[in-house]
Amino acid sequence: MLSTGQIILITLLAFLIPIDKYGLTIGLRWPIISAFIVGFILGDMQTALYIGGTLQLMSLGVASIGGSSVPEYATAAVIATTIAVTTGKGMEAGLAIGLPVAMLGVQLDVFAKILNGFAGRKSQQYANEKKFRSMINVLFTGPVIMGLTAAIPVFVAVRLGPDVITGILNFMPKWFSQGLTIAGKVLPAVGIALLLNYMPVKKYMYYLIGGFFLAAYLQVPILGVTIVGIIAAMKYYSDHNSFGVAGAGADYSGGLEDE
């Protein structure tokens with residue numbers, strides 16, 4: 001049975017995971033780190049590292065690119081480790097509870113981003129009105145909303161058990177879940193569009209078209225496209241660097257001849 005202090009610490013850790021993912025980036029977003037901390041709180045490092053390592057492997061290649069929503073494996077690691085240690089039933093029992101919460105995190109992440117969109121517009125309104133204190137107060141709601149997407153399900157799962165989480169998933173109307181899924185698929189496109197807006201796309205459009213051709217028409221895996229991109233970047237840097245050195249040498253020689 002968990003003590004009140006342990007429940008508070010585990011819930012606080014879960015609250016910090018999304019904030020770390022989108023802001024601090026000190027490592028809490030990685031399952032192995034989150035599980036390690038839970039193991040320290042509960043006094044069972046061996047089980048924690050075993051579960052954290054397993055979920056870390058499961059999360060390889062899963063990234064929230066361009067604002068996309070993905071399963072929160074770090075949150076799953078927190079719950080799975082807590083359940084496994086407190087019940088003594090091993091990793092299987094922990095994962096049976098942790099993974100559904102990770103999937104629930106996808107829906108909550110989309111919902112939180114929608115709410116943060118309203119908060120962003122409100123803060124912009126305050127900024128235009130030069131009400132900067134009100135702007136800052138509104139902006140602080142963003143991390144709080146994101147933190148609650150993990151803290152609430154973790155607290156419920158740890159305090160009340162797995163049946164509650166399963167009931168929440170089953171209680172959600174189908175139209176609501178499908179709507180959040182569609183919104184989650186749209187967010188990556190919006191994020192990539194925003195990213196491209198800050199990049200010199202017009203200058204290097206042929207690289208973008210080449211990558212799209214490799215992925216869409218030749219079905220080259222993302223790792224293969226990445227390798228091609230690295231080679232192209234190295235070639236560009238080599239040519240550009242050589243040109244700069246040659247140009248500098250020519251200027252220097254010319255300067256000597258003029259003297």
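The model is predicted.

Student: What secondary structure does the protein chain have, and what pattern does it follow along the sequence?

Tutor: The protein chain has 11 helices and zero strands. Read along the sequence, the pattern is α-α-α-α-α-α-α-α-α-α-α.

Student: How many residues does the protein chain have, and what percentage of them count as buried?

Tutor: The protein chain has 259 residues, of which 34% count as buried.

Student: Which residues have the most contacts inside the largest nonpolar core?

Tutor: A nonpolar core is a set of buried residues such as Val, Leu and Ile that are joined through side-chain atoms. In this model the largest such core has 20 residues, and those with the most contacts inside it are L2, I10, L42, V78, I79 and V154. Two or more residues come from each of helix 1 (4-24), helix 2 (31-42), helix 4 (73-87), helix 5 and helix 7 (141-160). Helix 1 gives the most to this core, with five residues.

Student: With which residues is L2 in contact, leaving aside its neighbours within four places in sequence?

Tutor: With those neighbours set aside, L2 is in contact with I7, I10, L42, T82, T86 and V158.

Student: How many salt bridges does the structure hold?

Tutor: The general idea is that side chains of opposite charge can pair when their charged atoms come close. The structure holds two salt bridges. In one of them, the side chains of D239 and K235 meet at 2.6 Å, N to O. These residues are four apart in helix 11 (residues 222-258), so about one helical turn separates them. D239 is partly exposed, with a relative accessible area of 40%, and K235 is also partly exposed, at 48%.

Student: What is the N to O distance in the salt bridge of K131 and E129?

Tutor: The side chains of K131 and E129 meet at 3.4 Å, N to O. K131 has a relative accessible area of 43% and is partly exposed; E129 is likewise partly exposed, at 39%.

Student: Where does K130 lie, and what is its phi?

Tutor: Most residues other than glycine have a negative phi. K130 is not a glycine, yet its phi is positive, at about 65°. K130 is placed in the loop between helix 5 (91-128) and helix 6 (132-139). With a relative accessible area of 64%, K130 is exposed.

Student: Where is the place of Q219, and is Q219 buried or exposed?

Tutor: Q219 lies in the loop between helix 10 (205-216) and helix 11. Q219 is exposed, with a relative accessible area of 58%. Q219, which is not a glycine, has a positive phi of about 55°.

Student: How many aromatic pairs are there?

Tutor: A pair of aromatic rings is described by the distance of the centres and the angle of the planes. The count comes to five aromatic pairs. One of them joins Y206 and Y207, a tilted pair with 4.6 Å centre to centre and 45° between the planes. Y206 counts as exposed at 52% relative accessibility, whereas Y207 counts as partly exposed at 37%. F212 and Y217 form an edge-to-face pair, with 6.1 Å centre to centre and 80° between the planes. F212 counts as exposed at 55% relative accessibility, and Y217 counts as exposed at 60%.

Student: Which residues do ring pairs link into a cluster?

Tutor: Ring pairs link Y204, Y206, Y207 and Y236 into a cluster.

Student: Over which rings do R29 and R121 lie?

Tutor: For a charge over a ring, the atom considered in Arg is CZ, and its position is judged by distance from the ring centre and angle to the ring normal. R29 lies over the face of W30, at 4.9 Å from the ring centre. The charged end of R121 sits over the ring of F118, 4.9 Å from its centre.

Definitions and conventions
Residues numbered from 1 in each chain as written. Predicted model: local features only at pLDDT ≥ 70, side-chain atom pairs only at ≥ 80, totals over all residues. Heavy atoms only, no water. Salt bridge = Lys/Arg side-chain N within 4 Å of Asp/Glu carboxyl O. Buried < 20%, exposed > 50% of the residue type's maximum accessible area, 1.4 Å probe, protein only. Phe/Tyr/Trp six-rings, centres within 6.5 Å; stacked < 30°, edge-to-face > 60°. Lys NZ or Arg CZ within 6 Å of the ring centre and 35° of its normal. Core = buried A, V, L, I, M, F, W, Y, C linked by side-chain atoms within 4.5 Å. Contact = heavy atoms within 4.5 Å.
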